[in-house]
Amino acid sequence: MTGSGDCLSEKCGIFGVYAPDEDVARLTFFGIYSLQHRGQESAGIAATDGTRIRIESGMGLVSQAFDEQRLAALPGRSAIGHTRYSTTGSTLACNTQPLLVSGIHGEFALAHNGNVVNSNELKAALGLEDFPFETTTDSEVLAKILSDGPDLDLMDRFAYMMRRANGAYSLAVLTREAIFGVRDPLGIRPLCIGKLPTREGSRGGWVIASETCALDHLGAEVIREVEPGEVVRIDSDGITSFFPLGTNERSDADEKLCLFEFIYFARPDSVISGSLLHEVRRRMGGRLAEEHPADVDIVIGVPDSATPAAIGYAEASGIPYVEALVKNRYVGRTFIKPDQRLRERDVELKLNPLKNVLDGKRVLVVDDSIVRGTTTPRVVRMLREAGAIEVHMRISAPPITHPCPYGTDMATRGELIAAQNLLKDEMSVDVDAIREHVGADSLRYISLEGASWATKRGEGHCSGCFTGIYPSEGIPLQLDKFELEDGPDLDSTPAILPLIRS
Ligand code: SF4
């Protein structure tokens, strides 16, 4: 991914901690700080001392939303946190998470990673068509089921939600008594559990997080992943596991974890299914080299996300890997720019070529995807202007031909360059037409089989955006991110401009 506007927009990061002897708000701050790559539009923390739930949130990066004063306003023994990229609903102050809902079954704070595609049906099932929802997100509908659902027992309400919600949801839920970690029955988004060490004056505690990198930063030991369809309750008795829909024998193939988590979304220092993602991406690069060799002088990667795959390509091919593009690390990951108008100058702002490295060289450049095809041509041009005599592109994701309904903002199918260049069979992509568009001497994508092989998970992932075959039924043909926005009065809630750091 070029680190430009031509990329997939991330979902959200969630975190939770139960640690009565610790400053849980501060731990949550650093937890979501390490999940910043999963969402940069807003950040929030909810904490409880057992008597009430308090929430602080703000727009922008975690470090912009919080200061010492706001953290001090969140005393407690447990907390949850959230970094948001909008997948349903606009970038509005009212849509920051965690959400706090109060209903007949009490008060709940909820942080959601993923996207539920049948929110309006869920509202109708609950008789809530005319309910004055306070946000425009699918997450509030899930929270409302927990606070007002038809069953008395909370696990029954989780079961009610799991039976009806179609889509992806990894949740961190906070009540006055406990925190809960929840993964949808397909396990589309990741969620893991860690243990904080005991130390003098502290009995330690438990954490849940979207990715293991958040646990590493806190010195927490990774215990395991939350299973698809599992609810874990963490309180003074430790961890209790529930499967509200029942436990069946399951295999990896039943789990449908997003393949793009392996290719791009999750941090390379995170571990999913026992594999360090840096290693997975190196394997993808190695597989690319086997599938699509090239006669070139050097291999380079588009930093930072494609670097492991470029190293893997170089290792497998025996061609030297060199750094030839320097990234300005203080320009935010550009998927935070939600419209085309702001997608234009990102490449030049973000990347600078090393001319003496590139001059006179036949260059193979590895990137991790081409989405709209708007910025890859600018990367190719940049390399040629820096002296490269040939530019060959290798992509460590298969062509993206379909949108993602599960919490990734890929825009519409019509905007995807691979979808615009399908061959007559509607199954395969005219790669040469895309090559011509991007201006490369050659262009090749890893096969879906090759990308799957690199994860070492067999069939256990979603690959809907590469195939159009989604793991859940009833996916609408047109995905409307703003479908819930006939609710609150949006005119009274200012949309913010996307954040561009320089
Ligand atoms: S459709 Fe693509 S991006 Fe979305 S969950 Fe599936 S693999 Fe991930």
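A residue is called buried if 20 or more other C-beta atoms lie within 10 Å of its own, exposed if 12 or fewer do, and partly exposed in between, with C-beta atoms placed from the backbone. This is a predicted model: local features need pLDDT of at least 70, side-chain atom pairs count only at pLDDT 80 or more, and totals for chains, interfaces and linings use all residues. Residues are numbered from 1 along each chain as its sequence is written.

Start with the whole chain. The protein chain has 502 residues, and 56% of them count as buried. It holds 17 helices and 23 strands. Helices (H or I, at least four residues) and strands (E, at least two) are DSSP runs, numbered from the N terminus. Among contacts between residues at least 6 apart in sequence, 74% join residues at least 24 apart.

Next, the core. A nonpolar core is a set of buried Ala, Val, Leu, Ile, Met, Phe, Trp, Tyr and Cys residues joined through C-beta atoms within 7 Å. The largest one has 142 residues, and Ala-79, Leu-142 and Val-173 touch the most other members. Helix H8 (residues 259-265) supplies the largest share of this core, six residues. Domain 1 (12-256) and domain 2 (279-328 + 347-461) both give residues to the core, so it lies between them. The domain bounds come from an automatic or database domain assignment. In soluble globular proteins, nonpolar side chains tend to be buried together.

Leaving aside neighbours within four places in sequence, Leu-142 is in contact with Leu-110, His-112, Val-116, Met-161, Ala-165, Tyr-169 and Leu-171. Helix H5 (residues 138-148) packs against helix H6 (residues 154-164) at an angle of about 145 degrees, with the axes 8 Å apart. Axes are lines fitted to C-alpha atoms, for helices over the stretch in contact, and angles run from 0 to 180 degrees between N-to-C directions. The H5 and H6 crossing is right-handed. H5 makes the contact through Leu-142, Ile-145 and Leu-146, and H6 through Arg-157, Tyr-160 and Met-161. A crossing is left-handed if the near helix is turned anticlockwise from the far one by less than a right angle, and right-handed if clockwise.

Past H6 comes Ala-168, in the loop between H6 and strand S7 (170-174). Ala-168 counts as buried, with 30 C-beta neighbours inside 10 Å. Gly-187 is 19 residues away in sequence, yet the two C-alpha atoms are 7.4 Å apart. Beyond four places in sequence, the contacts of Ala-168 include Gly-114, Asn-115, Asp-184, Tyr-406 and Gly-407.

Now turn to helix H9 (residues 277-291). Its 15 residues should span 21 Å at 1.5 Å a residue, and the end C-alpha atoms are 21 Å apart, which agrees. The expected span is 1.5 Å times one less than the number of residues. Of the 15 residues in H9, 11 are buried, so the helix is largely enclosed by the rest of the structure. Arg-281, Arg-282, Arg-283 and Arg-287 are among the buried ones.

H9 has helix H16 as a partner. Their axes come within 8 Å and cross at roughly 145 degrees. This crossing is right-handed. Val-280, Arg-283, Met-284, Arg-287 and Glu-291 of H9 meet Gly-450, Ala-451, Trp-453, Ala-454 and Thr-455 of H16.

Ala-309 sits in helix H10. This residue is buried, with 34 other C-beta atoms within 10 Å. Its contacts beyond four places in sequence include Arg-281, Arg-282, Met-284, Gly-285 and Leu-288, as well as Val-366, Asp-368 and Ser-396. Ala-309 and Leu-288 are 21 residues apart along the chain, with C-alpha atoms separated by 8.5 Å.

Last, the backbone details. The peptide bond from Gln-97 to Pro-98 is cis, with omega near 5 degrees. Pro-98 lies in the loop between strand S4 (78-84) and strand S5 (99-103). Asp-304 is in the loop between strand S17 (298-301) and helix H10 (307-317). Ser-273 has a positive phi, near 55 degrees, and is not glycine. Ser-273 is partly exposed, with 18 other C-beta atoms within 10 Å. Lys-456 also has phi near 55 degrees, and its loop runs between helix H16 (448-455) and strand S23 (461-462). Lys-456 is partly exposed, with 15 other C-beta atoms within 10 Å.

Conventions:
Two residues are in contact if their C-beta atoms, placed from the backbone, lie within 7 Å.
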